[in-house]
Amino acid sequence: MTRVLDTLALEPTDRRPVWVMRQAGRYLPEYRELRSRHTFQESILDPKIAAEITLQPIRRFGFDGAIMFADIMTPLEAMGIDVVFDPGPKLRPMSLAEIADLPDLDLDRVAHVAETLRLVRGDVPDDVTVIGFAGAPTTLLAYLLEGSGSKEYLPLRTAMHAGTPELDAALVKLSNAMHAYLTMQVDAGAQVVQLFDSWAGILPRHLLETLTFPAASAALTGLDAPTIYFAPGAGHALGSMRSIGATGYGVDWRIPIDEAWVKLGTDVAIQGNLDPAILLTDPDRIQAAVTDLLRRTAGRQGHVVNLGHGIDRHTPLENVAAFVDAIKEAH
Ligand code: 1CP
C-alpha cells in the first residue's frame, strides 16, 4: 500500500500524501526544455517522453502521486476526432447526434497511454502512487459541442436543459468510452484514477444530479481501483455528489475543506484544496495556508493534499518546494 491508497481507504498514514494537479507541465524548466524539442501531441504519443514528463515532478519535489502525462482529449482522438492544441484543445464543433454516432473507443489507438503507465509504474519508487485519469462525460461533451474551451458553455447548458434522447445517447457514448479507457489504464498499472469534470460546475444543481453525476458514475463504476471525482466550481452540489460512488472527491479552494467534507460526508476521502494562487505568494504565506489546511482536516483519516485546481505555469519552483516540505514536515 502507499500513502495515497491508504488515505483513500481511510486508513491511517505517517503523514498526509501530497501531489498537485498539472504537476507535469509548464512551470517546470525540464518540461519546457523537452517541449522545445517535441510538440505537445508528440510528447503524449511517445511513451518514453510521456513517462519522462510524468516522472520529472516526482524527482524534483518527491510528490506521493505520479499522474500520467496525457490530456483529457487524448482518448477522443481514438474515437476518430481530430484535436489540435493551441495551447488548449481545438476541434470541429459537433452536434449531439454526431457525438452519439461516434465510433467506440479504439483501444489500439490509446495503446501508447497503456505503455506510458507501464513505464511509469516500473520506474517510480514503491511508495509513489501511479494515477491515471480521464475527462468526465459532461466536460468532454462541453468541448465536443463548442469545439474549444469557453467562458459560458452555452451549447452545453442548452443541450442539458433540452434533455433530448440525443443528449442521453451522447452521454452514454462518452461514459462507455471513458469506462473502457480507464479499465485499460488500471490493467496497465494505474493504481488510482481521477475523473476530471472541469466545466460541470457551470451547471445548475438539478442538472448535475440528473445528468452529470449519473454519467460520471457510469464511467467509474466497476473499475478495479479506487477513484477520485473532481468537479471544480461544483460546491453547490457537494451534498449529492457522493451518489457517483467514487472513493474520494476533489474540492476547489472556494469552500473551506472541513465544510466541504461535512457536506460530502466524512466517510469518503477528500482531496484538495489550496488555492493555486497561494503558490504565487511566498514561503511564509504558503506555510500559514498549509497549517490552516491541515488543522481543518486534523483528527480524521482520508485527506489527500492537493491544490484546488491545476498549478499555474508562473509558479516559482521554490514555492512548490515550500508547499511539499510544509506537508512533509507537519504531523
Ligand atoms: O503547451 C503545453 O505544454 C500544453 C499545456 C497542457 C498540458 C501540460 C495541456 C493543454 N494539457 C496538459 C496536460 C494535462 N492536461 C494533464 C497532465 C497531467 C498533470 O496533471 O500533470 C492533465 C491531467 C490534463 C487534464 C486536462 N486537460 C483538463 C482537466 C484538468 C483541469 O485543469 O481542469 C482539462 C480541462 C484539459 C484541457 C486542456 N488541455 C490543455 C489545456 C491548456 C487545457 C485547458 C484549457 C482549455 O480548454 O483551453
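Contact here means heavy atoms within 4.5 Å. Before you click around: this is a predicted model, where local features need pLDDT of at least 70 and side-chain atom pairs count only at pLDDT 80 or more, while totals for chains, interfaces and linings use all residues. Residues are numbered from 1 along each chain as its sequence is written, and side-chain values use heavy atoms, with hydrogens and water left out.

Start by selecting M241. Leaving aside neighbours within four places in sequence, M241 is in contact with F213, Y229, A231, A234, Y249 and L264.

Of its 127 residues, L141, Y229, M241 and F323 touch the most other members. The largest share, 11 residues, comes from α10.

Next, helix α11, residues 205-220. Helices (H or I, at least four residues) and strands (E, at least two) are DSSP runs, numbered from the N terminus. Look at T212 for a kink of about 35 degrees, shortly before the proline P214; the bend is the angle between axes fitted to the seven residues ending there and the seven starting there. Buried residues of α11 include L207, L211, T212 and F213, and their cover includes α8 (137-146), α10 (165-188) and β6 (227-230). Just after α11, G222 takes a positive phi of about 90 degrees.

Last stop: N273, in strand β8 (269-274). N273 is buried, with a relative accessible area of 7%. Beyond four places in sequence, its contacts include W253, P256, L293 and N306.

Methods:
Buried < 20%, exposed > 50% of the residue type's maximum accessible area, 1.4 Å probe, protein only. Core = buried A, V, L, I, M, F, W, Y, C linked by side-chain atoms within 4.5 Å.
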